[in-house]
Amino acid sequence: MKQFRILLVVASMIILTGCGGSAGQTSAEAPAATVGDVRITGPWVRATSMGGGEAATSTSDTAAMDDVKMGAAYMVIASSGGADTLLGASTDAAKTVELHTVVDQNGVMQMRPVEGGIQIPANGKVELKPGGYHVMLIGLTKDLQAGDSVDLTLQFEKAGKATVKAQVRSQ
Amino acid sequence: MKTLFHFKTVVLALIAGAFLLGGCAQPYTFRGTVIEPPNPAPDFTLLGADGQPFQLSAKKGKVVLLFFGFTRCPDVCPTTMADVASARTQLGDDAKNTEVVFVTVDPERDTPAATDAYVKRYDPGFVGLSGTPEQIEPVKKAFGVTAIKRDLPNSKFGYTVDHSAFLYLIDKQGAWRAIMPFGVSADDIASDTRYLVRNS
């Protein structure tokens, strides 16, 4: 009888694990920067190159591409006090930095500059993520390779300036 | 003894059932939106790098992942391209039977060479296509792609193109099988693509 019980357990284990989904990933991160009541976590910039394809590009194409290289930075900004506003940002990695958002209207993605800055609610947070708010880097001064980092200075209305090191990642 | 025999049968049946379930023997459920019935994907010929023509129907035998975007697109297109690149890595050997095609909706600014160079940054196997606005227009129409040029006077960006950001999955027979909206995971893209590579 004992063996059968063991077999039963084995059988139910196979049933349970066979079609298991993937576990969600969560990670508590230390803030990349804190200024006043504002806390910035997980800043990252999408890599513009994954190391492939450059060889196939001729010099003239590279020159033509240079002024159109775009990047986007993402992060979570939280306030442990009153509301604040992210007014803008600057970096050596790009000629111009703007705050943009994307509105999904029935699958049509509409990117727009954010008027008046990105609001951080009192005792709340705002997430800058793909397909939503992002810090847009216009006219990158260099290719962003995964593993590099970009210094980004954020200007808040109340908290003032904070500089974060944004990791360059492919995803 | 008799009860013991029955018990044995039950256990054996359970084990057999467990293996069936464990192997996920139920029919495959697409992660994307399924096109039913699967119609032939609208064919088109556009220009690849160095101006050589690229015809969609010539890719039969491979699963084609088709996306419409533009090279100045800083958020939506890189997100999708990076996810597709990651999905292709997950596919391993099955990736050889896939073709990722990016058609620009901004032919005025994106030359074939620039479009191709842009997508090859994400995966050297990707193909970027452009053409004249007159050539791109019917392709957009055939796939139901909306792309509207918008001036952004307060932005250094100049203008942006509001565009549908779906990923279109075309099977090895050239049939249009599924659509995935913006924001699907690389896992979902890999799953549907792998299914079509092995079952079409």
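Student: What makes Cys73(B) and Cys77(B) a disulfide?

Tutor: A disulfide is a pair of cysteine sulfur atoms within 2.5 Å, and in Cys73(B) and Cys77(B) the sulfur atoms are 2.3 Å apart, so this pair meets the cut-off. Over all chains, the structure holds 1 disulfide. Before we go on, note that this is a predicted model, in which local features need pLDDT of at least 70 and side-chain atom pairs count only at pLDDT 80 or more, while totals for chains, interfaces and linings use all residues. Residues are numbered from 1 along each chain as its sequence is written, chains are lettered from A and ligands numbered from 1 in the order in which they are written, and side-chain values use heavy atoms, with hydrogens and water left out.

Student: Why is the disulfide of Cys73(B) and Cys77(B) called right-handed?

Tutor: The torsion about its S-S bond is about 100°, so the disulfide is given that name.

Student: Are Cys73(B) and Cys77(B) buried or exposed?

Tutor: Buried means under 20% relative accessible area, exposed means over 50%, and partly exposed lies in between, with a 1.4 Å probe and protein chains only. Cys73(B) stands at 4% and therefore counts as buried, and Cys77(B), at 0%, counts as buried as well.

Student: Why are Tyr28(B) and Tyr195(B) called a stacked pair?

Tutor: Rings of Phe, Tyr and Trp (for Trp, its six-membered ring) pair if their centres lie within 6.5 Å, and planes under 30 degrees apart count as stacked, over 60 as edge-to-face and the rest as tilted. The ring centres of Tyr28(B) and Tyr195(B) are 4.3 Å apart and the planes stand at 10°, so the pair is stacked. Tyr28(B) lies in the loop between α1 and β1 of chain B and Tyr195(B) in helix α5, so the pair ties together parts that are 167 residues apart in sequence. Helices here are DSSP runs of H or I with at least four residues, strands are runs of E with at least two, and both are numbered from the N terminus. With a relative accessible area of 28%, Tyr28(B) is partly exposed, and Tyr195(B), at 25%, is partly exposed too.

Student: What makes the pair of Phe102(B) and Tyr118(B) tilted?

Tutor: The planes of these two rings stand at 55° and the centres are 5.7 Å apart, so the pair is tilted. Phe102(B) belongs to strand β5 and Tyr118(B) to helix α3 of chain B, 16 residues apart, and both residues are buried.

Student: How do you know that Arg109(B) lies over the face of Tyr159(B)?

Tutor: A charge sits over a ring if NZ of Lys or CZ of Arg is within 6 Å of the ring centre and within 35 degrees of the ring normal. Arg109(B) is at 3.5 Å from the ring centre of Tyr159(B), and the charged end of Lys149(B) also sits over the ring of Tyr159(B), 4.5 Å from its centre.

Student: Which residues touch the most other members of the largest nonpolar core?

Tutor: A nonpolar core is a set of buried Ala, Val, Leu, Ile, Met, Phe, Trp, Tyr and Cys residues joined through side-chain atoms within 4.5 Å. Of the 61 residues in the largest one, those residues are Phe44(B), Leu66(B), Phe68(B), Val103(B) and Phe143(B). Helix α2 of chain B gives the most to this core, with 7 residues. A second, separate core of 32 residues includes Ile40(A) and Leu86(A).

Student: How do you know that β2(A) and strand β3 of chain A pair?

Tutor: Two strands pair if DSSP finds at least two bridges between them, and β2(A) and β3(A) have 6 bridges, in the antiparallel sense, with Tyr74(A) as the bridge partner of Trp44(A). Strand β11 of chain A is joined to β2(A) by 3 bridges, and these strands run parallel. Strand β2(A) is mostly covered, as 8 of its 9 residues are buried.

Student: What makes the phi of Asn106(A) worth a remark?

Tutor: Most residues other than glycine have a negative phi, and most peptide bonds are trans. Asn106(A), however, has a positive phi near 55°, and its relative accessible area of 73% makes it exposed. Asn123(A) has a positive phi of about 50° although it is not a glycine, and at 59% Asn123(A) is exposed. As for peptide bonds, the one from Glu36(B) to Pro37(B) is cis, with omega near -5°.
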